[in-house]
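Please look over the model shown here before reading the notes. They are arranged by topic.

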Amino acid sequence: MKESNYRVVPLPTEVAENARRTAHAGASDHAYVTADSPTGYPCRHCLRWAQPGEKLVLFPYASIPPGRPYSETGPIFVHAQPCTRYEATAEYPADLRSGRTFRAYNAAEEIIAAEPVATSDPESVIAKLFANPETEFLQARSADRGCYTFGIIRA
Ligand SMILES: [Zn+2]
């Protein structure tokens with residue numbers, strides 16, 4: 001067992017299942033896409049790259065709910081077929097060690113810091129951001145496109 005003082009928070013299964021149902025029903029803000037690159041389509045539920053040829057649902061997700069200054073809704077992918085929610089939450093997801101930026105939020109869900117993961121050493125960036133007692137949670141995002149990838153909370 002690896003010790004860590006944080007927990008990875010993948011997309012809730014209910015959200016992934018609802019997105020699959022909504023896409024199936026033909027909603028205009030849900031789309032099917034087929035992965036055409038091995039590192040372009042991270043599934044926010046299993047936290048793995050979709051492999052070329054795998055189908056995903058693309059849809060808008062409110063990573064910070066409406067009604068706050070820092071509210072944010074943006075596009076994310078989940079596998080179109082049911083997948084297993086990421087389970088090793090005490091460990092950083094192996095597929096997503098690079099290409100991420102972390103944002104730190106306070107208890108009021110305001111951004112108080114942001115730091116790119118330039119070193120492929122996300123654990124040290126997590127430790128640095130949580131060293132601030134004001135930090136309530138983190139969001140891992142795509143470093144280039146800014147899309148929400150997963151949450152990180154204190155253990
Ligand atoms: Zn998946």
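The notes below cover a metal site, a loop residue and a strand residue. The model is a predicted one. A zinc ion is held by Cys43, Cys46, His79 and Cys83, and the arrangement of its four donor atoms is tetrahedral.

**Zinc site**
- The arrangement counts as tetrahedral because the angles subtended by the four donor atoms are 100 to 118°, and the criterion asks for all angles between 85 and 135 degrees.
- For four tetrahedral donors the ideal angle is 109.5 degrees.
- Along the sequence, the donor residues follow the spacing C-x2-C-x32-H-x3-C.
- Cys43 is buried, with a relative accessibility of 1%.
- Cys46 is also buried, at 9% relative accessible area.

**Pro82**
- Pro82 lies in the loop that runs between strand S4 (72-79) and S5.
- Its relative accessibility is 69%, so Pro82 counts as exposed.
- Pro82 and Gly67 are 15 residues apart along the chain, and 31 Å separates their C-alpha atoms.

**Arg103**
- Arg103 sits in strand S5, which spans residues 100-105.
- Arg103 counts as buried because its relative accessibility is 17%, and the cut-off for buried is under 20%.
- A polar contact of 3.1 Å links the side chains of Arg103 and Tyr105.
- Leaving aside residues up to four places away in sequence, Arg103 touches several residues, among them Glu72, Ile111, Phe137 and Arg141.
- Ala113, Ala114, Leu138 and Gln139 are also among the residues that Arg103 touches.

Note on methods
Residues are numbered from 1 along each chain as its sequence is written. This is a predicted model: local features need pLDDT of at least 70, side-chain atom pairs count only at pLDDT 80 or more; totals for chains, interfaces and linings use all residues. Side-chain values use heavy atoms; hydrogens and water are left out. Helices (H or I, at least four residues) and strands (E, at least two) are DSSP runs, numbered from the N terminus. Buried means under 20% relative accessible area, exposed over 50%, partly exposed in between (1.4 Å probe, protein chains only). A polar contact is a pair of N or O atoms within 3.5 Å; within protein, one must be able to donate a hydrogen and the other to accept it, and residues adjacent in sequence count only if both atoms are side-chain atoms. Contact means heavy atoms within 4.5 Å. Donors are N, O and S atoms within 2.8 Å of the metal (3.2 Å for Na, K and Ca); water is not among the atoms, so sites may look incomplete. Four donors count as tetrahedral if all angles lie between 85 and 135 degrees; four count as square planar and six as octahedral if opposite donors are over 155 degrees apart and all others between 65 and 115; anything else is irregular.
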